[in-house]
Amino acid sequence: MDIMTSIGLVAGVVVIATMMLLGGDLHMFISEHAMIIIFGGSTAATMIRFPLSTLIHGLPLGAKFAFTMSRLSAHDLVDELARIAEIARKQGPVGLEKVETDEPFLAKGIRYVADGYDLDFIRDNLERDRDNFLMHLDEGSKIYRAIGDCAPAFGMVGTLIGMVQMFANMTDPSKLGPFMATALLATLYGALVANLFCIPIADKLHGKLLDEETNRTLIIDGILMIRDSKSPTLVREMLLAYLPEKHRHAEGEPVPA
């Protein structure tokens, strides 16, 4: 689980709720009209912007990866692939049938090698799998960013509607307060939805997309070298190029100047 996402959201909610409670109670910050304009308007605009298939794939995948971490880091993957290369060198492809890993994409590559598929088949299938996954993750990022862009705009729309209603009822002072509250709460809801939830999640997904692209490309190269019967040492050295210089050496091992 990506604990930073959860901590950030909880901390943001606590800060906002605390500020609300210091000035009264939470009930005064609840407005059905403001919720309708923010959530209804943002949802409608997002549906116009994206096809249904993109929404079906992007929204749940984005929500899942915003709150989860990759099972293995890039450095762990290098170690894991070197270990698998050692097994393949000693026992041949048949020995890989008993290898277990927590990374599904890596497990798929291992299965391809163990089943004896040729190099081009493995490369094409893994690259296609990687590209499809990254496409859906990118769609999720774009959807959440789109909602984040729409929410403040519809907050302004709600404010304008509330102001029009307020000025249209200037002769009835009892209606001025509720209409003004609706106008202000629409702006508040739009700002919170955009800046506390949607835009941060979109940025988080973009960062994870870059990490997943590196990790999956690293796995593909490692699997292809294992299929080509490269030595474990060569596999490790080739894959270390994917890591930043300071992460290429084990703890306690001197880093070359």
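Modeller: Helices here are DSSP runs of H or I with at least four residues, numbered from the N terminus (strands would be E runs of at least two). Residues are numbered from 1 along each chain as its sequence is written, and, the model being predicted, local features need pLDDT of at least 70, side-chain atom pairs count only at pLDDT 80 or more, and totals for chains, interfaces and linings use all residues. Side-chain values rest on heavy atoms, with hydrogens and water left out.

Within helix 5 itself (104–114), the buried residues are Phe 105, Leu 106, Gly 109, Ile 110, Tyr 112, Val 113 and Ala 114. Buried means under 20% relative accessible area, exposed over 50%, and partly exposed in between, with a 1.4 Å probe and protein chains only. Helix 4, helix 6 and helix 7 are among the elements that cover these buried residues of helix 5. From helix 7 (173–227), Ile 223 reaches several of them: leaving aside neighbours within four places in sequence, Ile 223 is in contact (heavy atoms within 4.5 Å) with Leu 106, Gly 109, Ile 110 and Val 113, and also with Leu 81, Ile 122 and Leu 126.

Helix 4, one of the covering elements, spans residues 74–91. Its 18 residues reach 26 Å from first C-alpha to last, close to the 26 Å expected, where the expected span is 1.5 Å times one less than the number of residues. Its buried residues are Ala 74, Leu 77, Val 78, Glu 80, Leu 81, Ala 82, Ile 84, Ala 85, Ile 87 and Ala 88. They pack against helix 5, helix 7 and helix 8 (232–239). Just after helix 4, Gly 92 takes a positive phi of about 80 degrees.

The largest nonpolar core has 30 residues, of which Leu 81, Leu 96, Leu 106, Ile 223 and Ile 226 touch the most other members. A nonpolar core is a set of buried Ala, Val, Leu, Ile, Met, Phe, Trp, Tyr and Cys residues joined through side-chain atoms within 4.5 Å. Helix 4, helix 5, helix 6 (119–168), helix 7 and helix 8 each give two or more residues to this core, and the largest share, 8 residues, comes from helix 4. A second, separate core of 15 residues includes Ala 151, Leu 185, Ala 186 and Tyr 189. In helix 8, Leu 234 counts as partly exposed because its relative accessibility is 36%.

The open spaces are defined on a 1 Å grid over the protein atoms alone: a cavity is a set of points where a 1.4 Å probe fits but cannot get out, a pocket is an open set with protein on both sides within 12 Å along at least five of seven lines, and lining residues have an atom within 4 Å of a point. Points are joined across faces, edges and corners, and a volume is the space filled by probe spheres set on them.

Helix 5 gives the most to the lining of the second largest pocket, with 3 residues. This pocket holds about 290 Å³ and is lined by 13 residues, of which Phe 65, Arg 71, Glu 103, Pro 104 and Arg 216 lie nearest its centre. Helix 3 (52–66), helix 5 and helix 7 each give two or more residues to that lining. By class, the lining has 4 nonpolar, 2 polar and 7 charged residues; Ala, Val, Leu, Ile, Met, Phe, Trp, Tyr, Cys and Pro count as nonpolar, Asp, Glu, Lys and Arg as charged, and the others, Gly among them, as polar.

Glu 103 and Arg 216 also line the largest cavity, together with Ser 70, Leu 72, Leu 77, Glu 212, Asn 215 and Ile 219. The structure holds 1 cavity of 30 Å³ or more, and about 40 Å³ lies in the largest cavity. Helix 7 gives the most to its lining, with 4 residues, and the lining comprises 3 nonpolar, 2 polar and 3 charged residues.

The largest pocket, of about 360 Å³, has a lining with 14 nonpolar, no polar and no charged residues. Met 20, Tyr 189, Leu 192, Val 193 and Leu 196 lie nearest its centre, and helix 1 (3–22), helix 2 (32–49) and helix 7 each supply at least two lining residues.
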